[in-house]
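Here's a quick briefing to read alongside the model. Have the structure open as you go through the points below.

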Amino acid sequence: MASVTPDFDAVVIGAGFSGMYMLKALRDKLGLKVRVIEAGETVGGTWYWNRYPGARCDSDSYIYCYTFDKQLLREWEWSERYPQQPEILRYLEHVAKRHDLKRDIQFNTRVTGGAFDEATNLWTVETDDGAKVTARYLIAAVGSLSDTNIPSFKGMGDFKGQIYHTSRFPKEGVDFTAKRVAVVGTGATAVQAIPEIAQQAKHLTVFQRTANYCVPARNGKVDPELVKARKDDYDGIVERIRDSFFGQEHYFIPRSALDDTPEQREEEFDKRWDAGGFAFWLSNYQDMFFSQEANDFCADYIQRKIRATVKDPEVAEMLIPKGHAYGTKRQPLDTNYYETFNKDNVLLVDAATYGGIEAITKKGIRAGGRDYEVDIIVLATGFDALTGPIKALHLKGRGGAALEAAWSDGPHTYLGISVAGFPNLFTITGPQSPSVLTNMPVAIEQHVEWVTDCIDAMQKAGKTTIEATPEAQDEWGAHVNEVVSMTLLPGANSWYMSANIEGKPRAFLPYLGPEGMGGYRRKCDEVAANGYEGFTLA
Ligand code: NAP
């Protein structure tokens, strides 16, 4: 075996929440030589790219932050319950400065390929500036929702106005004043953007392929007494969210929805509806995700809310989901979303009622045989989730095998952090890990800390490679699918199920463990304690 000194101990791809902390941990805790490669011009990842109107966090700010820096946790003041994108970006810039991260980050550079060399046991990483660097460890911190999905509508190039995707919005913003605007999509992003755009635009047409169940965000200033109480209890909060199911302080009602009377159920639903945020979704009856009958009670409650809010009964019916159970798609949080459809300048075009998008024309959008003339098209059409950003790195493992080929029928991983045949590659919040089903920073910190401990243990034991065994990977994949098959989630055409993009093989992308994030953390710790069970170390 040739012994070659790599350019870096580790290359980290991406400088969002995960890449920033990965750099901090490997460099400042283990003393490694680390290079972060980031396509954007600064740190922030998701919060750098997603600058559409209304972009804000859907998790409560007091837990949507790093917990590794206890002092910062106490010092930082969030202005609202769910801060807007610029405020989160400011926070991440502050973290970068406080921990002197930027000196090891190469900005404005995109990774275009990576190959594992079996002769040297090193990764060679290629970038769009034509450079190549070598590293012992390769860490994909590329985010779960960063590979933009731009549908290939017929005639897209013909449109004479402007087309923007929400995750690639111009930095200087877009002035919608006196414009006729189309928004395509009604996912969590569109639900935030639509009320904002409708306030400015002369006219807004919303193209809906699938209706969503939205619940109120109830954003606002947080009571200073509560802010103080939380700061005083941060150790307790951190312990609770790390051990929780969803990385949030939300807990299921420990009984079936069928055990309660209609009055009791209504009271429980009201409490969660009034609390706002993810309470209705993540702290509801424990059988809501398992029993269609229990789920129907939740769905019925929201349907009544939609009918009570939207004045035109025909529009209300279009806004009520028909084909999937409540909560089986990511919960959008709304601020005046349903109310927006009461405005005279807002029109809803529903694929089921009026037909889907046929083409983009010179002057707008053709759907259901009708032309809708607009000046600006906003595509809120989401992402090639979880697998997309990692496949886009064009990685080659042992024997030159391409990751795209290995995942041609969906993701195959061990613990969602490692891929058989790709030694020393770690995927932070990768497919088949809890990732997007949790409050992201909790999942990110768990992965970063586990990887750091793993590399530390390898160095101490004089090991140079770690890789998942194919058997452990197969078992993990079977487990991921077995657990989710007990729930209602596979019944929805969601991005969780890879169903948002034509031709993407249907597979459940994250990991919904029987004990959630807390249980997954215990499993990863157990694997490490058992000498990295399921991995081969050499
Ligand atoms: P999304 O949930 O995938 O929604 C995309 C929308 O575009 C859906 O309504 C989809 O319809 C529609 N669409 C996609 N392709 C289409 C096509 N070819 N023709 C017509 N319509 C099409 O994407 P997103 O709203 O950007 O949200 C993605 C995720 O990002 C969220 O679920 C959430 O996890 C995250 N997010 C987080 C925050 C936050 O916390 N601050 C905010 C926004 C988003 P179908 O439903 O039929 O596929």
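**Domain contacts, ligand and salt bridges**

Let's start with a charged pair: arginine 522 and aspartate 243 join their side chains in a salt bridge, at 2.7 Å from N to O. Keep in mind that this is a predicted model.

**Domain layout**

- The protein chain is assigned domain 1 (8-147 + 384-537), domain 2 (148-213 + 330-382) and domain 3 (241-326).
- Going by C-alpha atoms, the centres of domain 1 and domain 3 sit 31 Å apart.
- Domain 1 puts 29 residues into the contact, and domain 3 puts in 23 residues.

**The interface of domain 1 and domain 3**

- About 1800 Å² is buried between domain 1 and domain 3, and 54% of that comes from carbon and sulfur atoms.
- Three salt bridges are counted between domain 1 and domain 3.
- Twelve residue pairs are in polar contact across this interface, with both residues at pLDDT 80 or more.
- On the side of domain 1 that touches domain 3, α16 (440-461) and α18 (516-529) are the elements giving two or more residues.
- Of the elements on that side, α18 gives the most, with five residues.
- Sorted by class, the side of domain 1 that touches domain 3 comes out as 13 nonpolar, nine polar and seven charged residues.

**Around the ligand**

- The ligand has 25 residues around it, and the closest are Arg56, Thr186, Thr189, Thr210 and Lys329.
- Threonine 189 has a polar side-chain atom 2.7 Å from an oxygen atom of the ligand.
- For arginine 209, a polar side-chain atom lies 2.9 Å from a ligand oxygen atom.
- Aspartate 58 comes in through its backbone instead, with an N or O atom 3.1 Å from an oxygen atom of the ligand.

**Salt bridges in the whole structure**

- Side chains of opposite charge can pair up when their charged atoms come close.
- Searching the whole structure turns up 35 salt bridges.
- Glutamate 41 and lysine 171 form a salt bridge through their side chains, at 2.1 Å from N to O.
- That pair ties together distant parts of the chain, 130 residues apart.
- Glutamate 41 is in the loop between β2 (34-37) and α2 (46-49), while lysine 171 is in the loop between β7 (162-165) and β8 (180-184).

Definitions and conventions. Residues are numbered from 1 along each chain as its sequence is written. This is a predicted model: local features need pLDDT of at least 70, side-chain atom pairs count only at pLDDT 80 or more; totals for chains, interfaces and linings use all residues. Side-chain values use heavy atoms; hydrogens and water are left out. Domain bounds come from an automatic or database domain assignment. Contact means heavy atoms within 4.5 Å. Buried area is the accessible area (1.4 Å probe) that two parts lose on being put together, summed over both. A salt bridge is a side-chain nitrogen of Lys or Arg within 4 Å of a carboxyl oxygen of Asp or Glu. A polar contact is a pair of N or O atoms within 3.5 Å; within protein, one must be able to donate a hydrogen and the other to accept it, and residues adjacent in sequence count only if both atoms are side-chain atoms. Helices (H or I, at least four residues) and strands (E, at least two) are DSSP runs, numbered from the N terminus. Ala, Val, Leu, Ile, Met, Phe, Trp, Tyr, Cys and Pro count as nonpolar, Asp, Glu, Lys and Arg as charged, and the others, Gly among them, as polar. A residue is near a molecule or strand if one of its heavy atoms lies within 4 Å of it.
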